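Colleague: Can you put the model up and talk me through how its parts touch? Keep it short, please.

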Amino acid sequence: MATTHLPVLGGHPQGAASTCRQDAWYAGPLATLLFLCTALAYMTWAALQGNHYYADPYLSPLYSPVIFTDLSAAGAAPSWHAWVGNWPAWWPAALPLSPALLILPFPASFRFTCYYYRKAYYRSFSGSPPSCWVSPVSGRNYKGETSLLLFQNLHRYAMYFAVIFLAILFYDAAVSFYRRGEGFGIGVGSIVLTINFLFLSSYTFGCHSFRHMIGGGADVMAGKSGTFRHLRWKFSTWFNRRHMAAAWISLAWVSLTDVYVRLVSMGAINDLNSWN
Amino acid sequence: MANRHFRVWRGDHSGGDFKDYNVEVSEGMVVLDVLHKIQAEHAGDLAIRWNCKAGKCGSCSMEINGRPRLGCMTRMNSFDPTATITVQPMKAFPVVRDLVTDVSWNYAQNKRIAPFKPKAPEADGSHRMYQDDVDRVQEFRKCIECFMCQDTCHILRDRGKQSEFIGPRFMIRVAGLEMNPLDDDDRVPELRHEFGSGMCNITRCCTEVCPEGINITDNGIIPMKERVVDRYFDPVLIAARALLGRKKRTKPKGTHEVQEVLEVPRPHEVPGTQ
């Protein structure tokens, strides 16, 4: 019988990203890396533009809610859409006049601390580990989420803001069926914004912290005292089982919604609607 | 009948090698059957731990083509007909011989968990628990203790942090007790300080490998991490408890006497095996 000599007991290879797996284990983390980098690059670019984020009556979700608006920018939201009003004079000249920069940290922190995305970027970005049964890229000085990453424990606060943002995006979806002076109607943009709200709702309702806060944190969920609690928990559990899919679809759809609103606002495409 | 090429790791705690075997495989065979055939025809001294051959005893855990699997549940027709099949012992535990590893570290962890502590009975002397509450914790009782999740966890498998993390199997055991409405013990301080809930970075491999389909991460580990957040990291809940005078324990109880068993040598720590 032929014999192969390996130095490690059990024949397990050692070293960064070493494994005995014979399948394409790197495909998943690589796809995650590419998708997240693409989404991040597009959203950063879009957030820094500060223009073409509004095409009456559609508001890009990357810019919602509009706190201040710069009316001199092309495709900017009208004054009545801004919570505070026109852009203040004290705003530092070095910073771009983009309403997105004021609100994006909230949804970004929700995604960054999300239990699902943690898995995705721990695997794809830090190789900790790159995939199951593949040796981690970093060494033995691993501390998990007990040291530098302790802040991940505040995910529930990011979730609270995400729920507030959901209400705002519901409002945006609702007003996308109404044009001032022209009344109710429907356009492709109305449908795009409504689907965006539904995908983001699916993602938020499946959040592990949400599931914990609405019932999972209790021991007694059934019976006389907790029947409604159990219903809430089951509702969130249904979405929780689909959390990964909701995370990806909602992220992609938010970007596509911004692309759609941007192209309509720029006049590059015509929005099919009942108003014209 | 088809001839299949197997590479099986043979050795003990002092070292070993892969040995190649060509075996005639017939329809319906699983990897454990092939290993038994190797025992019968080529290597009578090949050591394998097995028992039920039905995926219920959790004895025949091994690594097949780099992935922890139950030998008795891995069908030969799931592989490419021309592929070489590599079989190794579990990486996270010290090798006793060939495919048999010493999993006693896990039993030591089990002893660290305080047993079920029943609440006082209701006025009529009964202990009541509703079916929905039973169902939630029952999922964890499906565990067959194959320890493949422990073998999969990179904290134990690759980083040698056995002294800092109890592992997914025992996180769900604690979860099954902590969520049990009839259990009167508070296990949250131990979860954080003794069992190392913060060490888990939720890469979910334990859930992927579980042969019983237990949702270890979503239903066990993350809910426990959230309970640790309730107790230690949520400023609003901490302030509310202080205001309402509902103080909760934040420090673990006394150290258990089985702590010394933690220091089971890991494979790469056995002298002369590097």
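This is a predicted model: local features need pLDDT of at least 70, side-chain atom pairs count only at pLDDT 80 or more; totals for chains, interfaces and linings use all residues.

Modeller: Residues are numbered from 1 along each chain as its sequence is written, chains are lettered from A and ligands numbered from 1 in the order in which they are written, and side-chain values use heavy atoms, with hydrogens and water left out.

Colleague: Fine. Chain B first: what domains is it divided into?

Modeller: Domain 1 covers 2-100 and domain 2 covers 103-269; the bounds come from an automatic or database domain assignment. Taken over C-alpha atoms, the centres of the two domains of chain B are 32 Å apart.

Colleague: How many salt bridges does the rule find between the two domains?

Modeller: Three, where a salt bridge is a side-chain nitrogen of Lys or Arg within 4 Å of a carboxyl oxygen of Asp or Glu. Separately, Arg157(B) forms a salt bridge with Glu63(B), with 2.7 Å between the closest N and O atoms.

Colleague: What area do the domains bury between them?

Modeller: About 1,500 Å², 57% of it on carbon and sulfur atoms. Buried area is the accessible area (1.4 Å probe) that two parts lose on being put together, summed over both. Lys91(B), Ala92(B) and Phe93(B) supply 37% of what domain 1 of chain B buries against domain 2, more than any other three residues.

Colleague: Now the two chains. How many residues does each give to the contact?

Modeller: Chain B gives 71 and chain A gives 60, with contact meaning heavy atoms within 4.5 Å. The chains bury about 5,500 Å² between them, 52% of it on carbon and sulfur atoms. Of the area that chain B buries against chain A, 13% comes from Arg136(B), Arg159(B) and Glu226(B), more than from any other three residues.

Colleague: Which residue forms a salt bridge with Glu226(B)?

Modeller: Arg156(A) does, and the closest N and O atoms are 2.8 Å apart. The rule finds six salt bridges across the interface of chain B and chain A. Helix H9 (residues 216-232) of chain B gives the most to the side of chain B that touches chain A, with nine residues.

Colleague: Last topic: which way do strands S1 and S2 of chain B run?

Modeller: S1(B) (residues 2-12) and S2(B) (residues 15-25) run antiparallel, joined by 11 bridges; strands pair if DSSP finds at least two bridges between them. They form a hairpin with two residues between them, and Asp12(B) has Gly15(B) as its bridge partner.

Colleague: And S1(B) with S5(B), parallel or antiparallel?

Modeller: Parallel, with three bridges joining S1(B) to S5(B) (residues 85-88). Phe6(B) stands opposite Ile85(B) there.

Technical notes
Helices (H or I, at least four residues) and strands (E, at least two) are DSSP runs, numbered from the N terminus.
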